[in-house]
Each structure stands twice: as C-alpha cells, then as structure tokens.
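This report describes a structure for a reader who has not seen it before. Please look at the sequence and the model first.

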Amino acid sequence: MTHETAQPGLWARAQRTSVEQLHIRLESFIVLIVLSAIMAVLSPFFLSLSNFLNILLATSTIGVLAIAATYVIGSGGLDLSLGSVMGLSGVAGAYVAVNLGAPSPVGLAACILAGAAAGYVNGQLITRAFVPAFIVTLGMLGLARGLALVISDGRVIYGLPAVMVYVGQGRPLGIPMPVIIFVVTAIFAHCLLAYSKFGRHTMALGDSESAARAAGIRVERHRRILYTLSGALAGLAGMLFMARINSGDPTAGLNYELTAITAAIIGGTNLFGGRGSILGTMIGALIMGVLQNGLNLLAVQSYYQQMAIGAVLILAVFIDQYQVRKESRV
Amino acid sequence: MTLLTLSGIRKSFGAVDVLHGVDLSVDKGEVVGLVGDNGAGKSTLMKTITGIYRADAGSIEFDGKDVLPLDPGARRELGIEMIYQDLSLAKQQDVASNIFLGREPTRKLFGLFPGFIDKARMDREAAGMIARLGAHLPSINRSVGSFSGGQQQTVAIARALTFNPKLVIMDEPTAALAVREVQGVLDLIRRLKSEGIAVILISHRLNDVLAVTDRIVVLRHGRADANLATARTNMSEVVSRIVGGGDLSAAAMHEQRG
C-alpha cells in the first residue's frame, strides 16, 4: 500500500487526461520527441524538409498497416498476415495491369480487392470455422506470400502504366502522393474508430465480448467486417508500395506485420483489446519511421534495424503491461 | 397489482428435471428475494423469465400479457431486465459508453455525415441516470474497470434503467462487494422500488435479503417451497426452509454472524 496515490501528481494527472481524452499514452509522444532530438544531434541531414517528407513517405506504408493492426488488435483479434497480404496485393495489381493489360484504375482496385479477399477469408475462418485468429492469420501469412510468388512466378513484375506510378511517385504541391493518401486514410480511420458506432463497438468487443453480445452487437459479423477491412488496408498499403517502387514485388512487405503491430502497441493499443486510437498509432508509426530513417542516415546495417524493431516491440509491451499492473494495484 | 405471474413452470435438461412446477408472483414495485441452495433452480427459473430458456410447461404472464412465446429481446421491450453477476461491463470503456453500448445516440457531423456518436448527449444522459439513482461516481469519463465493485454495480443498474424496465432481476448483486458498499447497492434497490420498479433479488446473503425485500420465496428441489413475508419472518425460519428442516440453530447462528 503506497501513499502517493492519494494526491496524484501533475505527471500522473497529465497521463490520465491523455489516456482518457485522447487514448494516447503520453510516454509515446515524449519518446517520439526525444528520439527525433537524438537523431537531429547525431545526423546533420535529419532536420530538413526533404528528410521529413522521406520519413512520412516511408511511414505511409507502415502507417496504413498499423491502422489495420489497431482495429483488429483493439477488437481483441490479431492479424499476422498484414505484410504477406500487402505483398500479394502489389503483385495482384501489377499482374492485372501489366500481364492482363487492364487500365490503371482496375489495377489499383485489384490491389485493394485482393487484400480484402484475403481478409474476408481470414474473417470467415475465424468466426465460422472457429480456428483461432493467431493460427488463421499465421496460415494466411504463408498462403498469401506463396500465392504472390506463384502469380509472379517468383519474379518482380515491372512496367506499370504511368497513372499507377503517379500514385506512388507523383508530388502534387511537393507532397508525395502516398503521404496524401496515408494522411486522408488515417483521418478517416480515426473518425470511424473514435466517433462512430462501428468504432466504439470494435473497442467494446475487444474489451468484453460477453458485454458486447449482451448489448445486442452482432459479434461474429463485426469481426468478419474487421478482418475484411484489415485485408483491404493491407491491400492499400500494397498498392502504395507497388506504385512507389514502380513494380510488383512478391517479397514486398516481408516482416512488415512486425513493424505495424509494434507501431500500434507503442501507440497505446492494448495487446488484448479494448483500447487503442489511430492518433496514438500514428505516433507509434512515426516513432518506427524516425527510428528506421535515423538508423539509415547513420548508416547502420539493416540487420541491426530489424533487431531494433523487435526489441522495441517487446519493450513497448513490457511498459504497457507494467503500467496496467501498476494501475490495477490497490 | 400483480406484475408477473408464473404458474406451474417446468423445465428439464435431458433427463435432469430442474423445475417441477414453480408458482411465483411479483407485484408492481415489490422487492422479492429468491433464495435457495445451490442447484435449487434459481438461475434456471430466472432464465425462463427473461426468455433465455423456454419453459417446458406452465405459463408466464407479465403485465397482463402472455410472454411465454416471446424471445428475450421482445420480453426486454416489455420491461423485463436482468443484471448478471458478472455485470457484462466493458471495463476499459467509460460510464456513458457502457450505459449506451449498442444503442448510442447519433447525430450528423457538420449536418452531413450520419452515424456519429453524440458523446455530449451520452455523457449528459449518463450523468442524469447516475444522479437519478442517488449515486456518486468519481468521474463519468473514467474507465469503468477503475471503479469499485459497488460503483460498477451502479453503472450496470443505470444501464438497466435506460430500457425503462418494470421488473429488474438481480443475480447476487452484493456477493463480490466490500461490506461498506453493500448498503449502497441495497439503497439502489430501494430507489428502484420507490420508482415503482419491481425487483427480484437472487442472493445467498440472507442478511441483505432480509434487509431489503418485501417477500422471500424459497426455492427447493425445483419448487417454490415457501413464500414468506419478510416483516413476519426471521433468519432461522428462512434457513430452515432453504435446507428443509432439522436442527438449524447452528446454521442460523452462522448466517446471523456472517
């Protein structure tokens, strides 16, 4: 029994307000600022407009995947297939546009549809066949990656039409197109999660499935929609990546689910569901973006970056669980 | 005025007969305690009232209507509400989110986009509900899981009230509470009664049952074995009817101390 709980300090109150009103852990915001400051000191290139846009550009793909992770994890689920579905989607779009010669809009739509289809299959298997989400999406991780390699015959599909390339490389008003699409998606996803019935039911579902069921929420249907949405967002990420590198790469998005889930958890999403916000996740995604960008500027080998991301994920969950334990202690 | 009349309710699960013809009536605004040993059929009986179980035989009349053919949703619309022991709360969400879960009031954002939660209205109405119950919560915007057991019970009762119930069935509302919180929940039950809402209180804590009810029905071996006016009974009589005779002074003493 400690006595410090009687008079919560300024920091504790700020933490509580931040969590209650914005659903963001204040710590994540501070980590982002401190990390940026360190990078700015270490590298003279870090603080520049072009590098800032670089970070946003690199974050756009991960950010879209992290939005999907926030919805699914917030609902008490898990989607490990994000990176693979993203790879499949890019290949599907490129195949439709290049090999089948379809017009650009069809190629772009094919990316999102391929992702949504994979997500739909995930949702059906989880809610109708009662296979745990962990297993279904782990299986889809292998299935989608394999299918991407089959469709592309293991090779990168080059030669996208100009309109598709514009989606990835165009810069209206100097801002990269993927950044614009990412920000618009994030704003929409934020409003949907924080202010709509659908979003609030998503978090209530992750909080207590029995409470959601008792309140008349159609739990299984809601989950199917969520997994399909998650797949569609992975498809959107695949589309952005494909258009940016101007090709359909079957190995695109390898291990991206690791980074996406890490971003969502750093942003305050409860690993076991019931809590999370897109605003927080965006801070988490920016932390991952700054970390990768900074390590790139400092010419750190990508092997170490991979290790850093894994370590950050474990650290983020540790801190979250530590906080939860501390708060529930009476 | 009789609100709920059960007569000859029978229910069996396969070869196991749980209810052997239960008769029970509840008046408008009456608080009835339902007691009985484990396995006496209390939960089964309540679930046949809310409609989760369909009675094999007998009749259930609520507010002058035969509700036996109705599903749980339709019975809830007529005014039958049940608060389960686990409260079915979403612990990380705030008070208003729990009270209005599944029925959130919405408005159009900028008068254009439909389906947006009207959080201000939710908070306002939720605060009104809590005030109506004469209860106090630390903050309406805090997650329900940070509240004490009694405060969580308040939220669950406030949610039940939003359905405008005529009958609230409460399953062990005081079982998990600290001693000083029990009185608060008993006050809430009295508040419901004063608003003309009938309450069926299922509880093992006979002290609480004796303190708050008008009548005590003892369920034993699937039958309503005794129907006691609370004002004219006492602990040892209730205990003796629960266990069915024998030397009960020791058991009654134990309950009295508890």
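A:Asn255 sits in the loop between β2 (247-248) and α12 of chain A. Helices (H or I, at least four residues) and strands (E, at least two) are DSSP runs, numbered from the N terminus. The model is predicted: local features need pLDDT of at least 70, side-chain atom pairs count only at pLDDT 80 or more, and totals for chains, interfaces and linings use all residues. Residues are numbered from 1 along each chain as its sequence is written, while chains are lettered from A and ligands numbered from 1 in the order in which they are written.

The phi angle of A:Asn255 is near 70 degrees, a positive value in a residue other than glycine. A:Asn255 counts as exposed because it has 12 C-beta neighbours inside 10 Å. A residue is buried if 20 or more other C-beta atoms lie within 10 Å of its own, exposed if 12 or fewer, and partly exposed in between, with C-beta atoms placed from the backbone. In chain B, phi of B:His221 is near 50 degrees, also a positive value in a residue other than glycine. B:His221 belongs to the loop between β11 (215-220) and β12 (223-229) of chain B, and with 15 C-beta neighbours inside 10 Å it counts as partly exposed.

## Helix packing in chain A

Helix α4 (residues 82-99) and helix α12 (residues 256-266) of chain A pack at an angle of about 125 degrees, with axes 6 Å apart. Axes are lines fitted to C-alpha atoms, for helices over the stretch in contact, and angles run from 0 to 180 degrees between N-to-C directions. α4(A) and α12(A) are therefore oblique to each other; angles under 35 degrees count as roughly parallel, over 145 as roughly antiparallel, 65 to 115 as roughly perpendicular and the rest as oblique. In this pair, A:Leu82, A:Gly83 and A:Met86 of α4(A) meet A:Tyr256, A:Glu257 and A:Ala260 of α12(A). Two residues are in contact if their C-beta atoms, placed from the backbone, lie within 7 Å.

The axes of helix α3 (residues 49-74) and helix α11 (residues 219-245) of chain A come within 8 Å and cross at roughly 175 degrees. That makes α3(A) roughly antiparallel to α11(A).

## Nonpolar cores

The largest nonpolar core has 85 residues, and A:Leu65, A:Ala69, A:Leu233 and A:Ala260 have the most contacts inside it. Such a core is a set of buried Ala, Val, Leu, Ile, Met, Phe, Trp, Tyr and Cys residues joined through C-beta atoms within 7 Å. The largest share of this core, 14 residues, comes from α3(A). Leaving aside neighbours within four places in sequence, A:Ala69 is in contact with A:Asp79, A:Leu82, A:Ala260, A:Ile261 and A:Ala264.

## A sheet in chain B

Four strands of chain B form an open sheet in the order β2-β1-β4-β5, with antiparallel pairing. Two strands pair if DSSP finds at least two bridges between them. The edge strands, β2 (16-27) and β5 (65-66) of chain B, each pair on one side only. Strand β1 (residues 2-13) of chain B pairs with β2(B) in the antiparallel sense over nine bridges. B:Val22 in β2(B) is the bridge partner of B:Ile9.

## Contact between the chains

Chain A gives 18 residues to the contact and chain B gives 16. On the side of chain A that touches chain B, α9 (197-207) and α10 (209-214) are the elements that give two or more residues. α9(A) gives the most, with five residues.
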